[in-house]
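Me: Hi! I'm new to this one and would like a quick tour. Could you walk me through it?

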Amino acid sequence: MKPEFIRNFSIIAHIDHGKSTLSDQLLLKSGAITERDFHEQVLDDLDVEKDRGITVKARAVAIDYEYEGNIYQLNFIDTPGHVDFHYEVSRSLAACEGALLVVDAFQGVQAQTVANAYAAIEADLEIIPVVNKIDLPVTRIEEVLEEVENIIGLDSSDAIRVSAKQGIGIEDCIEAIIKRIPAPKGDPEAPLKALVFDSKYDHYRGVVTYVRIVEGTLRSKDRIRFMRGETVHDVIEIGQFRPSMEACQSLGPGQAGYIIAGEKELGNIHVGDTVTLQGRQAEEALPGYKQPKQMVFCGMYPIDATDFEKLRYELDRMALNDASFSFIPETSDALGFGFRCGFLGMLHMEIIQQRLEQEADVGLIQTAPNVTYELKLNSGEVIKLDNPADVPESGNIDEFREPIAKVTFILPADKIGAVMQLCADRRGIYFNTEFLGTDRAQLVYELPLAEIIYDMHDKLKSITRGYGTMDYEVIGFRPADLVKLDILVKGTLVEALATIVHRDSSERRGRALVKKLKEEIHKHQFEVALQAAIGSRVIARETISALRKNVTAKCYGGDISRKRKLLEKQKKGKKRMKQFGEVEIPQKAFLSILEAGKDG
Ligand SMILES: Nc1nc2c(ncn2[C@@H]2O[C@H](COP(=O)(O)OP(=O)(O)OP(=O)(O)O)[C@@H](O)[C@H]2O)c(=O)[nH]1
C-alpha cells in the first residue's frame with residue numbers, strides 16, 4: 001500500500017472519557033466488526049480489562065475506509081488512560097503521526113487529558129481535539145473547548161463533536177483523520193527497519209511480535225534479523241489486526257502489523273528492538289525506547305513451594321507482554337523462595353497480580369508494596385533499595401533518599417483548601433495554583449511518592465466528590481529522615497513485614513500496624529506477642545490471647561459428615577497462609593502495612 005493512503009494515529013484521553021467506545025465505533029463504521037461485537041468492547045480483550053472496564057494494553061488495529069474514491073488504511077492504537085500506563089502511551093505515540101484527543105463533554109479537561117496531550121505534543125504529533133458524549137443530558141461543550149485552548153494550548157476551533165455511544169459525528173472524525181494527519185514517510189525500497197512495539201505469547205504459534213515498518217518492505221517469505229537480540233528467523237506469517245489477526249503478503253512504510261517467526265523463547269524478543277532483513281541489513285538500528293523505571297516493588301511467593309518454577313514461567317510470560325514489569329528471584333525467612341517484582345505503580349501491580357491469578361492458577365502470597373529508595377552509605381557508595389528487608393545498619397547510612405513526584409491536581413476551586421491540607425499532612429511542598437475559568441483550578445505540589453501511591457487518589461476522590469483528578473511524574477530523589485520499622489511476631493523478626501517510614505510518623509504507623517495485624521492473625525493455642533520496633537527499640541505492642549481451638553468439639557454424637565465438612569472448611573481457610581515458626585500468618589496480614597498506612 002502506498003504511504004499516502006496510510007494514516008497512523010493514537011487515541012488519547014483521560015480515563016473513562018470514551019476512547020475504547022470511540023475505537024469500537026471506528027471499527028463498526030469501517031465494517032471491521034458487527035453491531036453485536038460493538039456492544040462487547042472488542043478491543044479490551046484481557047479479562048482484567050473486561051472486569052475493570054479499563055484499558056491496560058495498547059492495541060494496534062488496521063481498518064480500511066473508502067474516502068473520495070480512494071481506499072485509505074487507518075492504523076490506530078488504543079491506549080490506556082491511567083497514570084501507571086503512561087509508558088504504554090508514550091510508546092504508542094512514537095508509532096504515530098497524529099492523535100485524537102478525546103475529552104468528555106461534561107467533565108472537560110482532566111489531569112490525564114493534560115498529561116497525555118503534552119506527551120503527544122512532545123512526540124510532535126498532529127492533534128485533533130474530539131469532544132465526546134455530546135448526547136449527555138447536561139454538557140459544557142463551549143467551556144470544554146475553551147479549556148482545551150487555555151489549559152493545553154491547542155486550537156479548538158475545528159474540534160470534532162461526537163457521541164461514541166450513539167455513533168454521532170464518527171464520519172467527521174474519520175474525515176479529519178484523513179485530511180489533517182500527515183501520511184507516514186519512509187522509502188519502501190530502503191533496507192528494512194521495523195520497530196518492535198509490543199509482543200505477546202500464543203500457546204499454539206509461539207511469540208507474536210508487533211511491529212511498525214519505518215523504512216523498507218517486509219514480505220511473508222523473508223528471512224529476518226532482530227538487531228539487538230541478534231537472532232535470525234524465517235518468517236512464518238505476517239499480518240495485521242483487523243481487529244483479529246489476518247495474514248497478508250507484505251507490509252510497507254507506516255504500516256503496523258505482526259510477525260510470527262517460530263520464536264519459542266520467551267525472553268528473546270525485546271520491545272524497542274529493530275527488525276531488518278538478514279540478506280540486506282539496515283546500517284543502524286532505530287533508537288528504540290527509554291527503559292521504563294519501576295517505582296513500586298513487592299515480593300510474590302508461591303503458597304506451595306513446588307509451584308516456584310511454574311511461577312517463574314508465568315512471570316516470564318507477563319514480562320514478555322509487558323516491558324514495564326520486571327522480577328528477580330529472592331528468598332525470605334518467612335516465605336521461602338519467591339520473586340521481587342517491580343511495577344510502574346499500584347494499579348499496574350494489582351493488574352499483574354490479577355492476571356497471574358486468572359491466567360496462571362498459582363496460589364500467591366504477596367508482600368506489601370514499597371517504593372524504591374536510594375541510600376548513600378558512609379563509604380560514599382550510592383545504592384538502590386527495592387526491599388525494606390535490605391536496609392543496612394543505621395550506623396552505615398549517610399543519607400536515606402526517597403522518590404519525589406510532581407503532582408498536578410485539577411479540581412473544583414472550592415476544594416483547594418481541603419486538598420492543600422491533604423498534601424500538607426503528607427509532607428507536600430506547594431508549587432502553584434492556577435485558576436481555570438471561574439470554578440476550577442489546577443494545583444501543583446511536590447510529594448514523596450510513598451505518600452501518594454497507596455490511597456491519594458481515593459482520598460482526592462472523596463474530598464472532591466469525584467470531581468478532582470490527579471497525575472504525577474517522578475522527578476528525582478531527595479534525602480529524608482526515614483527509618484526501617486520492624487515487626488516481631490512471638491519474639492522473632494519477620495522481614496517480610498518490615499517497612500520504611502518517616503521518623504515523625506513511625507510511632508503512629510507502628511501502633512496502627514500491630515493493631516491491624518492483631519485483627520488479621522487468628523488466635524493460636526498459645527499467646528502471640530506482636531511488636532513494632534525501630535532498631536532495638538520497641539515502639540508498639542499488641543498481644544493475641546491464646547485459644548484452644550477445636551472446631552469439631554461442638555459435634556458430639558456421631559455426625560461424621562458434618563465433622564468432615566468442618567475439617568475441610570478449616571483446611572481451605574489455611575490455603576492462603578504461611579507457617580512462620582509456630583505462628584500462621586495469612587496473606588491479608590502481609591498487606592496490613594497498606595491499611596495501617598492509610599489510617600495513619
Ligand atoms: N453517554 C455517553 N456515554 C459514553 C459515550 N462514550 C463512552 N461512554 C461511556 O463512558 C464510559 C467509559 O467509556 P470507555 O470507552 O470505556 O472509556 P475509556 O476512555 O476507553 O476508558 P479506559 O479504557 O478505562 O481508559 C462507558 O460507560 C461508556 O459507555 C458517549 O458518547 N455518550
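Me: Let's start with Lys-19. Is Lys-19 buried or exposed?
Reply: Lys-19 counts as buried because 26 C-beta neighbours lie inside 10 Å. A residue is buried with 20 or more other C-beta atoms within 10 Å of its own, exposed with 12 or fewer, and partly exposed in between, the C-beta atoms being placed from the backbone. A word on the source: this is a predicted model, where local features need pLDDT of at least 70 and side-chain atom pairs count only at pLDDT 80 or more, while totals for chains, interfaces and linings use all residues. Residues are numbered from 1 along each chain as its sequence is written.

Me: Where is Lys-19 found?
Reply: Lys-19 is in helix 1. Helices (H or I, at least four residues) and strands (E, at least two) are DSSP runs, numbered from the N terminus.

Me: Which residues does the "binding site" annotation cover?
Reply: The unreviewed UniProt entry lists Asp-16, His-17, Gly-18, Lys-19, Ser-20, Thr-21, Asn-132, Lys-133, Ile-134 and Asp-135. UniProt positions follow the numbering used here, feature names are shortened, and annotations may be inferred rather than shown by experiment.

Me: And where does Asp-16 lie?
Reply: Asp-16 is in the loop between strand 1 (6–13) and helix 1 (19–29). Asp-16 is partly exposed, because 16 other C-beta atoms are within 10 Å.

Me: Zooming out, how many helices and strands are there?
Reply: The protein has 16 helices and 34 strands. Of its 600 residues, 45% are buried.

Me: What are the domains?
Reply: The assignment, which is automatic or from a database, gives domain 1 (3–180), domain 2 (193–277), domain 3 (296–368), domain 4 (374–479) and domain 5 (484–599). A contact takes 11 residues from domain 3 and 13 residues from domain 5; two residues are in contact if their C-beta atoms, placed from the backbone, lie within 7 Å.

Me: Now the core. Which residues touch the most other members of the largest nonpolar core?
Reply: Ala-99, Leu-101, Val-130, Val-211 and Phe-409 do, out of 152 residues. Strand 24 (residues 397–412) gives the largest share of this core, seven residues. A nonpolar core here is a set of buried Ala, Val, Leu, Ile, Met, Phe, Trp, Tyr and Cys residues joined through C-beta atoms within 7 Å.

Me: What is Leu-101 in contact with?
Reply: Leaving aside neighbours within four places in sequence, the partners of Leu-101 include Ile-12, Ala-13, Ala-117 and Val-130.

Me: Switching to helix 7, which of its residues are buried?
Reply: In helix 7 (residues 170–180), they are Cys-173, Ile-174, Ala-176 and Ile-177. Seen down the axis, these buried residues fall within an arc of 155°, so they line one face of the helix. That arc is of the directions from the helix axis to the C-beta atoms.

Me: Why would that happen in a helix?
Reply: An α-helix has 3.6 residues a turn, so residues three or four places apart point the same way.

Me: Last one: what does Ile-151 touch?
Reply: Not counting residues up to four places away in sequence, Ile-151 touches Val-109, Val-114 and Leu-436. Ile-151 sits in helix 6 (residues 141–152) and is buried, because 20 other C-beta atoms are within 10 Å. Val-109 is 42 residues from Ile-151 along the chain, yet their C-alpha atoms are separated by 8.0 Å.
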